Amino acid sequence: MAEFPENVRYAKTHEWARLEDDGTVTIGISDHAQDALGDVVFVELPEEGDVLGAGDEAGVVESVKAASDIYAPIAGRVAAINNELEDSPEAVNDSPFGEGWFYKLTPENSDDMNSLLSAGDYQKICEEESH
Amino acid sequence: MGLKTPMYEQHVTAGARIVDFGGWDMPVHYGSQIEEHHKVRQDAGMFDVSHMTVIDIKGSESQAFLTRLLANDICKLTLSGKALYSAMLNEKGGVLDDLIVYDNNGDYLMVVNCGTREKDLAWISQQAEAFDCSVTERPELAIIAVQGPNAMAAVDKVVGNETRSVIKSLKIFQGGYSSTWFIARTGYTGEKGLEIILPAEEARQFWEDLANNGVRPIGLGARDTLRLEAGMNLYGNDMDESVSPLESNMGSTVVLEDHEFIGKSALLKKLDKGTREQLVGLVMTERGILRAHYPVFCNGQQVGEITSGAFSPTLRHSIALARISVATGELTVGIRKKQFAVQRVTPPFVRNGKQVYKTL
């Protein structure tokens, strides 16, 4: 059973976003997504300083099964990237909401988080997808 | 809802992700195909390959029949239980399937692919009509492969004395019977190990005994990366009826001298003209994965495409097989609008757990 933690918001494209105390937004892919992808082998991340619009391509996840584009859930400037993923891409599978985080954004407008899905709504979408 | 092997429930209990494979519900992994791959290279793993097709070829003209049916020479099998890997061709020299056939004291035991079951059985039965021999599918048999440096020791622990001594007597690429179990020192991983063909009703217990002795179940995902590292072809990907063994890195399995077989004249015509395509190994050390159908370029022109590609867990970068027109020069592969340099190599990529390829 995939996990759908409620302390993050979700995009239909399976990214999650968490507003941190310092105002940045940490972004990764959901447990449902990493499970569907299988073993993650390479992660292509954006670069620090990149400016992304909501829905822009922000990188690629290559798994044993397929390559998948990842998208920025909200607009902002890339403040940090998770360099650990270069040596340990399996963190995306093992800890998708923890050590498997992809990058952090300084959001254009933190209110944009409200346009993302709640855990419950995202879980419904995932369940519909499986049928 | 597909066909299920005797071990289906055990796969589900072990946490398998089940997928459809040629109409069968099969385990693609049990959590991590990369971990399963490493387990086979470093220890021992077991594969349920009961979806494959087992066929008895029996009768006074079995050898004459297989001489004609197969591109490799069945007469090479002079040792009891010895195995032969061969392509089976149509009249145009196209590959109908690749298979293994074992000597069975004058008769033969053959294992062909799952996806080609109906086609192969129809073809083989039809071709056998001209010979005094019978073709009988054995759907009541299961197949379990145990592979890895510790595979033989693991099997040794769970079988009885008679089976133990049969295994001990086997040479590489040879099989033998212990009661109703046929055990062979063959495999599809490049590791030491056994492939065991046994009655379905005994397979479940054997699988459980192996599991209780530390042998991990391995899914089809790892099976594919293991065989690719070992440079072994997969029918349907690396060859099919539209190509001959000469363009599939299988030339060494074809015996043309003093051997009349279906497809021979077509192969001779190809050799006369000069083969224009070949199946080569590719290695990419840049970050990324080579996948089937990605285009291969040489000097700006497309020269072919990848037939099988994957991330190699042992080498930690991507490897592939590709069919390209005979070309000299640096090769690149197109991946999502960019081109990446690849190194052309002769398979296998891995042997004894280490890189073994040389650059051409």
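The following legends describe close-up views of a predicted model. Residues are numbered from 1 along each chain as its sequence is written, chains are lettered from A and ligands numbered from 1 in the order in which they are written. In this predicted model, local features need pLDDT of at least 70 and side-chain atom pairs count only at pLDDT 80 or more, whereas totals for chains, interfaces and linings use all residues.

**View 1. Overall form of chain B.** Chain B holds nine helices and 21 strands (DSSP runs numbered from the N terminus, helices being H or I of at least four residues and strands E of at least two). The radius of gyration of chain B, 20 Å, is close to the 21 Å that the globule rule gives for 360 residues, so chain B is as compact as a globular protein of that length (taken over C-alpha atoms; the rule is 2.2 Å times the number of residues to the power 0.38). Along the principal axes, the C-alpha atoms of chain B fill a box of roughly 60 × 50 × 40 Å.

**View 2. The two domains of chain B.** The domain assignment, which is automatic or from a database, gives domain 1 (8-51 + 140-229) and domain 2 (276-355) of chain B. Their C-alpha centres lie 30 Å apart. Nine residues from domain 1 and eleven residues from domain 2 of chain B form the contact (C-beta atoms, placed from the backbone, within 7 Å). On the side of domain 1 that touches domain 2, helix 2 (33-42) and helix 8 (220-229) of chain B each give two or more residues.

**View 3. Contact between chains A and B.** Seven residues of chain A are in contact with eleven residues of chain B. The chain A side divides into four nonpolar, one polar and two charged residues (Ala, Val, Leu, Ile, Met, Phe, Trp, Tyr, Cys and Pro count as nonpolar, Asp, Glu, Lys and Arg as charged, and the others, Gly among them, as polar).

**View 4. Backbone geometry in loops of chain B.** Most residues other than glycine have a negative phi, and most peptide bonds are trans. A cis peptide bond, with omega about 10°, joins Pro347(B) and Pro348(B); Pro348(B) lies in the loop between strand 19 (338-345) and strand 20 (350-351) of chain B. His293(B), in the loop between strand 14 (277-284) and strand 15 (295-298) of chain B, has a positive phi near 80°. His293(B) is exposed, with 9 other C-beta atoms within 10 Å (exposed means 12 or fewer such atoms, placed from the backbone).

Conventions:
Contact = placed C-beta atoms within 7 Å. Buried ≥ 20, exposed ≤ 12 C-beta atoms within 10 Å, placed from the backbone.
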